[in-house]
Amino acid sequence: MSWALSEFTTPRSAVLTSDSGIEFLTTDRPLRKHEFLVAAFEPRGTESEATTKTPNGIVVSNDPVRAASRVTTRLLPRYQEAVREIRLSQVATSVTAGQRVLAEWDAVSDSLCDADHWPLDERYGLRQQVRDAEVWAQFAPFLEHGPALVAHAEESLPLLDPAERLAGRWAYRLRALREALDGGARVQAEFQMVAEALLPDHPRSKAMFADAAAMRDAEGWHYSLTWMDNARVLVDIARADEAPPAPPTRPLRGQRVRSARADAARAWSPHAAREITAAIEKNAGPPAIRFFNSSRPPRSR
């Protein structure tokens with residue numbers, strides 16, 4: 001796609017956008033009639049890293065049914081996997097940044113309070129507003145694509161090791177993330193209503209906007225903190241889902257039954273009987289008497 005757009009003037013092109021915001025660029029394939037190129041745009045609000053394997057564009061025919069099937073089965077799965085990898089990387093980065101903000105707050109909060117932990121002056125409130133704003137900034141991007149990450153983790157959870165799920169409290173932490181996203185979306189919607197109601201030309205619009213943002217950050221503190229405390233589970237589930245399955249510690253029952261039956265069949269086969277007879281003839285007396293003359297009658301095949 002990059003080669004086609006840089007070296008040729010394509011007569012037709014279009015951007016296909018899904019309800020979830022996925023964007024594909026479709027254009028004529030240069031030097032090939034009745035064929036098109038389809039490639040995916042990078043998701044809005046994300047930046048792919050150099051280590052992320054992003055999907056290449058594909059060639060489709062002018063048959064709409066076959067073209068749609070090719071995009072659905074080849075391009076879309078690779079696109080979704082790349083986006084999930086990018087966003088999981090963003091989760092780890094945002095959690096680290098949020099923990100750093102909380103550590104800085106813990107380091108200075110005691111110095112702004114007296115022995116009974118009461119604030120000394122207004123510096124405590126101002127510094128708390130800065131903390132709320134910084135943590136909310138790390139949480140806000142996931143209000144849009146966080147639900148997809150949580151939904152994918154919930155789908156993968158039943159397929160993972162039960163002991164690992166219980167040890168990590170993964171189900172509980174996913175529920176906490178879902179509640180944090182729902183609460184954060186509600187707080188953001190209330191702030192958006194206030195922001196849209198402000199008049200741009202009003203002399204106090206900037207101050208009112210700042211007050212509304214500070215109130216949103218304060219009301220969303222619980223949800224953003226809950227997200228920071230539990231978001232690491234998304235990375236843990238993704239790693240567990242990618243890990244190869246452990247080999248079975250013991251053979252399956254069906255395999256044991258088949259092995260036992262196979263051993264019995266081989267033991268009573270004519271070939272086995274000849275081998276046993278030859279060994280008896282070599283090491284003992286008359287083989288026919290030693291082999292067949294026993295207290296138990298010969299077993300029929």
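Colleague: Which helices each supply at least two residues of the lining of the second largest pocket?

Modeller: They are α2, α4 and α9 (232–242). Helices are DSSP runs of H or I with at least four residues, numbered from the N terminus. The model is predicted, so local features need pLDDT of at least 70 and side-chain atom pairs pLDDT 80 or more, while totals for chains, interfaces and linings use all residues. Residues are numbered from 1 along each chain as its sequence is written, and side-chain values use heavy atoms, without hydrogens or water.

Colleague: What is the volume of the second largest pocket?

Modeller: A pocket is an open set of points on a 1 Å grid over the protein atoms alone where a 1.4 Å probe fits, with protein on both sides within 12 Å along at least five of seven lines; lining residues have an atom within 4 Å of a point. Points are joined across faces, edges and corners, and the volume is the space filled by probe spheres set on them. Here the value is about 380 Å³. Of its 17 lining residues, L88, V235, A238, R239 and E242 are the closest to the centre. Helix α9 gives the most to this lining, 7 residues.

Colleague: How does the lining of the second largest pocket divide by class?

Modeller: Ala, Val, Leu, Ile, Met, Phe, Trp, Tyr, Cys and Pro count as nonpolar, Asp, Glu, Lys and Arg as charged, and the others, Gly among them, as polar. This lining has 8 nonpolar, 3 polar and 6 charged residues.

Colleague: What is the volume of the largest pocket, and which residues are the closest to its centre?

Modeller: The largest pocket has a volume of about 550 Å³. S20, I22, V83, R87 and A148 are the closest to its centre, out of 18 lining residues. Two or more lining residues come from each of α2 (64–109) and α4 (142–156), and α4 provides the largest share, 8 residues. By class, this lining has 8 nonpolar, 5 polar and 5 charged residues.

Colleague: Is S156 buried or exposed?

Modeller: Buried means under 20% relative accessible area, exposed over 50%, and partly exposed in between (1.4 Å probe, protein chains only). S156, in helix α4, counts as buried because its relative accessible area is 7%. P141, in the loop between α3 (123–139) and α4, counts as partly exposed because its relative accessibility is 41%.

Colleague: Which residues does S156 touch?

Modeller: Contact means heavy atoms within 4.5 Å. Leaving aside residues up to four places away in sequence, S156 touches I237 and D241.
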